[in-house]
Amino acid sequence: MNEVSPLLRVTDLVKHYRVGRRALRAVDGVTLEVARGETLGLVGESGCGKSTLGRLICCLEPPTSGSVVFDGVDVLALPERELRRMRPRMQLIFQDPFASLNPHKTVRQIVGLPLQLWERSKGEELRRRVDELLETVGIDPRQADRFPHQFSGGQRQRIGIARALACKPDLIVADEPVASLDVSIQAQILQVMRDLRQRFSLTTIFISHDVSVVSHVSDRIAVMYLGKVVEIGPAQSVIARSLHPYSRALVGAVPRVGAEEGPEAPRLKGEPPSPLAVPSGCRFHPRCYLNQAAECRQVEPELRALAPGHLVACHLAAG
Ligand code: SF4
């Protein structure tokens with residue numbers, strides 16, 4: 001990882017939504033960096049704030065506070081016009097490929113639109129570029145004049161990836177890109193993403209609730225719980241040697257990737273608390289299976305380094 005000049009630096013990012021008189025704390029102070037060419041996996045249960053974080057990073061909605069520095073530029077301080085120019089460099093790939101593709105447009109129109117908008121491509125040049133992009137993701141260009149509903153779920157996700165690539169992005173935020181696909185198709189899409197990463201030196205944030213999926217594509221993994229990152233580090237360490245009780249339970253629930261296979265692996269009980277009522281102290285304490293210290297209920301643990309590049313927010317975790 002390039003420590004000197006990360007492509008993305010997020011500092012103390014917060015997104016609270018007003019719900020009546022209360023604040024829904026979707027993202028509650030996230031700080032992280034992503035190096036150029038790196039894939040950071042962002043994993044956690046549904047509702048932990050990982051998708052909101054992805055949208056904040058892509059500037060699709062403004063944060064409540066905090067900063068997003070992309071390629072050295074504080075994007076939240078940019079005037080709208082300059083932000084628009086920056087946007088193609090940060091592309092989001094969505095979970096539901098069908099909902100994200102306009103059903104009334106052909107695939108050629110869908111993939112061609114960003115080329116027309118951002119590169120003023122037209123005519124034969126536009127046609128050639130669309131064909132190239134479709135070939136890159138394994139779609140036969142002869143099918144380009146079909147509509148999205150004429151493709152399978154996996155093919156539609158490939159088309160969504162081709163559309164994202166049309167902007168020549170530096171950063172791709174892939175939000176649960178394989179969650180709606182069959183397992184065999186998931187493997188194909190993950191392979192497409194790995195190939196593209198190598199070919200185009202892409203930097204990727206890969207969001208998933210599935211630890212096994214994230215473990216297959218990530219250089220580093222950040223584990224989110226109730227709006228916060230509770231553990232972040234090299235993928236191998238986070239998977240094989242999770243240090244936060246929440247991460248250990250997440251990883252333990254997937255025996256084929258977990259170091260703690262078998263009945264002794266800790267299991268998560270119950271649902272996460274509502275982000276409208278975040279527990280005091282360590283927000284994981286109502287579900288934590290360890291013998292907690294008094295401070296667990298009173299003092300929010302900060303991320304601290306317990307191994308090189310491996311940070312954990314738990315009072316009791318030891319390297
Ligand atoms: Fe459990 Fe305490 Fe660590 Fe939180 S700080 S995860 S409650 S041991």
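Predicted model: local features only at pLDDT ≥ 70, side-chain atom pairs only at ≥ 80, totals over all residues.
Biologist: What makes something a pocket and something else a cavity?

Modeller: Both are sets of points on a 1 Å grid over the protein atoms alone: in a cavity a 1.4 Å probe fits but cannot get out, while a pocket is an open set with protein on both sides within 12 Å along at least five of seven lines. The largest pocket comes to about 520 Å³, and a volume here is the space filled by probe spheres set on the points, which are joined across faces, edges and corners.

Biologist: Which residues lie nearest the centre of the largest pocket?

Modeller: Gln 91, Leu 113, Pro 114, Arg 163 and Cys 167, out of 24 lining residues; to count as lining, a residue needs an atom within 4 Å of a point. Strand S6 (90-93), helix H3 (107-119) and helix H5 (153-166) are the elements that each give two or more residues to that lining, and H3 has the largest share, with 7. Helices are DSSP runs of H or I with at least four residues, strands are E runs of at least two, and both are numbered from the N terminus.

Biologist: Why does Gln 91 count as buried?

Modeller: Buried means under 20% relative accessible area, exposed means over 50%, and partly exposed is in between, using a 1.4 Å probe and protein chains only. Gln 91 has 17% relative accessibility, so it counts as buried.

Biologist: How do the lining residues of the largest pocket split by class?

Modeller: There are 14 nonpolar, 7 polar and 3 charged residues. Nonpolar covers Ala, Val, Leu, Ile, Met, Phe, Trp, Tyr, Cys and Pro, charged covers Asp, Glu, Lys and Arg, and polar is the others, Gly among them.

Biologist: How many cavities of 30 Å³ or more turn up in the whole structure?

Modeller: The search finds 3. The largest cavity holds about 80 Å³ and has 13 lining residues, with Pro 245, Cys 282, Cys 288, Cys 296 and Cys 314 nearest its centre. That lining is 9 nonpolar and 4 polar, with no charged residues. The second largest cavity holds about 50 Å³; helix H6 (residues 183-200) gives the most to its lining, with 3 residues.

Biologist: Where does the ligand sit?

Modeller: In the largest cavity. To sit there, more than half of a molecule's atoms must lie within 2 Å of the grid points. The residues around the ligand include His 244, Cys 282, His 285, Cys 288, Cys 296, Cys 314 and His 315; to be near it, a residue needs a heavy atom within 4 Å. By class, that shell has 8 nonpolar and 4 polar residues, and none that are charged.

Biologist: Why does Cys 314 count as buried?

Modeller: Its relative accessibility is 10%, so it goes down as buried.

Biologist: How many disulfides does the rule give?

Modeller: The count is 0, where a disulfide is a pair of cysteine sulfur atoms within 2.5 Å. Take Cys 59: the nearest cysteine sulfur belongs to Cys 58 and is 7.4 Å away, leaving Cys 59 in no disulfide. Cys 59 is also buried, at 7% relative accessibility.

Biologist: What is the phi of Leu 226?

Modeller: It's positive, about 50 degrees, and Leu 226 isn't a glycine. Leu 226 lies in the loop between strand S9 (220-225) and strand S10 (228-234), and at 3% relative accessibility it's buried.

Biologist: Why does Asp 12 count as partly exposed?

Modeller: Its 46% relative accessibility falls in the in-between range, so partly exposed it is. Asp 12 also has a positive phi, near 45 degrees, and is found in strand S1 (residues 8-19).

Definitions and conventions:
Residues numbered from 1 in each chain as written. Heavy atoms only, no water.
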